[in-house]
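Here is a short briefing for a first look at this structure. Keep the sequence and the 3D view open as you read.

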Amino acid sequence: MPCESLKPFVEVFWEGSFNLNATSTLHMQMIPTGCLELIIHLNDLHCDLENNSKWSQSPDYMIMGLYTKPYEIRFKNNVKVFAIRFKPEGIYNIFGVPASLLMDRYEDMSAVLGAGFMDFSHRLKEEISVISMIQRTENYLLKNLLNNKIDMNYLNLAANLIRNTKGVKIKDLSSQLCIGKRQLEREFKEKVGIGPKHYLRIIRVNEVLRLLNENQVFDLTSVAYHCGYFDQSHFINDFKRITGQKP
């Protein structure tokens, strides 16, 4: 978990290896999480991704944008990565880059952030433990946060309320924050890339998946109700749209 100062902006740090045996290509269907992933490859082997209808090898330092639909990743080799999972509004506070610029696509993060980021990434790859990687990453992110001096506003509060209160209604959200519904919608689309209702749908479906993966003893109707759905057809439609599968 990130330190207290970064928790409003960063969901989690993670490290992983994919396709360990590398005897054949590993195909992974990814589901939108409502977050952005900054992925730093720790070895010279990369995954393959589709961008603008073309498949290509991922860059060394890749930012996976805010996806709104399922997408596939292919691993031909054993790929090792360290990653930072940003809350969609948080990446703006730390880097001044709106998530709206990275909708349903990935980019080379070195081209987005330049020399300072490259220096951090090279030093990160020299670390010998995940703990030291996290410490270096936190120092780098806190420095950027301090330099950018972008204050949190009602967008940060609204996104956090959506994550913590899956059954919230957008009109009630506006009232709680004393901000107009249209103004909230504009700010979400400008900084996050999608409206608050769309973001809420992604968060709800991810909560459903979390409960199912944890083998909670619920039937689907109970799960849907627990995650803020009061209409079974809306739940089914959202689930199919975001995961590509039926519940």
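Cys3 is partly exposed, because its relative accessibility of 23% falls between the 20% and 50% limits. This is a predicted model. Cys3 takes part in no disulfide, and the nearest cysteine sulfur, that of Cys35, is 17 Å away.

**Cysteines**

- The whole structure was searched for disulfides, and zero were found.
- A disulfide is a covalent bond between the sulfur atoms of two cysteines.
- Cys178 has a relative accessible area of 72%, so this residue is exposed.
- Cys47 belongs to a nonpolar core of 14 residues.

**Nonpolar cores**

- How many residues does the largest nonpolar core have? The count is 57.
- Val10, Phe86, Ile94, Phe95, Leu141 and Phe188 have the most contacts inside this core.
- Helix H8, residues 196-213, supplies the largest share of the core, with eight residues.
- In soluble globular proteins, nonpolar side chains tend to be buried together.

**Ile94 and Asn148**

- Beyond its neighbours within four places in sequence, Ile94 contacts Leu6, Phe9, Val10, Phe86, Leu141, Asn144, Leu145 and Asn148.
- Asn148 is part of helix H4, which covers residues 130-148.
- With a relative accessibility of 32%, Asn148 is partly exposed.
- Leaving out residues up to four places away in sequence, Asn148 touches Asn93, Ile94, Phe95 and Gly96.
- Asn148 and Gly96 are 52 residues apart along the chain, yet their C-alpha atoms are separated by 6.9 Å.

**Aromatic rings**

- A search of the whole structure turns up 13 aromatic pairs.
- One of them joins Phe86 and Phe95 edge-to-face. The ring centres are 5.7 Å apart, with 65 degrees between the planes.
- Are Phe86 and Phe95 buried or exposed? Both are buried.
- Phe188 and Tyr199 form a tilted pair, because their planes meet at 45 degrees, with the ring centres 6.0 Å apart.
- This pair links distant parts of the chain, eleven residues apart. Phe188 is in helix H7, residues 181-191, and Tyr199 is in helix H8.
- Phe188 has 0% relative accessibility, so Phe188 counts as buried.
- Tyr199 is also buried, at 1% relative accessibility.
- One aromatic cluster is made of Tyr61, Phe86, Phe95, Phe117, Phe120 and Tyr140.

**Charges over rings**

- Arg74 lies over the face of Trp55, 3.6 Å from the ring centre.
- The charged end of Lys191 sits over the ring of Tyr92, at 5.1 Å from its centre.

**Helix H5**

- Helix H5 spans residues 154-164.
- Which residues of H5 are buried? They are Tyr154, Leu155, Asn156, Ala158, Ala159, Ile162 and Arg163.
- These buried residues pack against helix H1 (90-95), helix H6 (170-177), H7 and H8.
- An α-helix has 3.6 residues a turn, so residues three or four places apart point the same way.
- At the start of H5, a side-chain oxygen of Asn153 comes within 2.9 Å of the backbone nitrogen of Leu155.

Methods:
Residues are numbered from 1 along each chain as its sequence is written. This is a predicted model: local features need pLDDT of at least 70, side-chain atom pairs count only at pLDDT 80 or more; totals for chains, interfaces and linings use all residues. Side-chain values use heavy atoms; hydrogens and water are left out. A nonpolar core is a set of buried Ala, Val, Leu, Ile, Met, Phe, Trp, Tyr and Cys residues joined through side-chain atoms within 4.5 Å. Buried means under 20% relative accessible area, exposed over 50%, partly exposed in between (1.4 Å probe, protein chains only). Helices (H or I, at least four residues) and strands (E, at least two) are DSSP runs, numbered from the N terminus. Contact means heavy atoms within 4.5 Å. A disulfide is a pair of cysteine sulfur atoms within 2.5 Å. Rings of Phe, Tyr and Trp (its six-membered ring) pair if their centres lie within 6.5 Å; planes under 30 degrees apart count as stacked, over 60 as edge-to-face and the rest as tilted. A charge sits over a ring if NZ of Lys or CZ of Arg is within 6 Å of the ring centre and within 35 degrees of the ring normal. A polar contact is a pair of N or O atoms within 3.5 Å; within protein, one must be able to donate a hydrogen and the other to accept it, and residues adjacent in sequence count only if both atoms are side-chain atoms.
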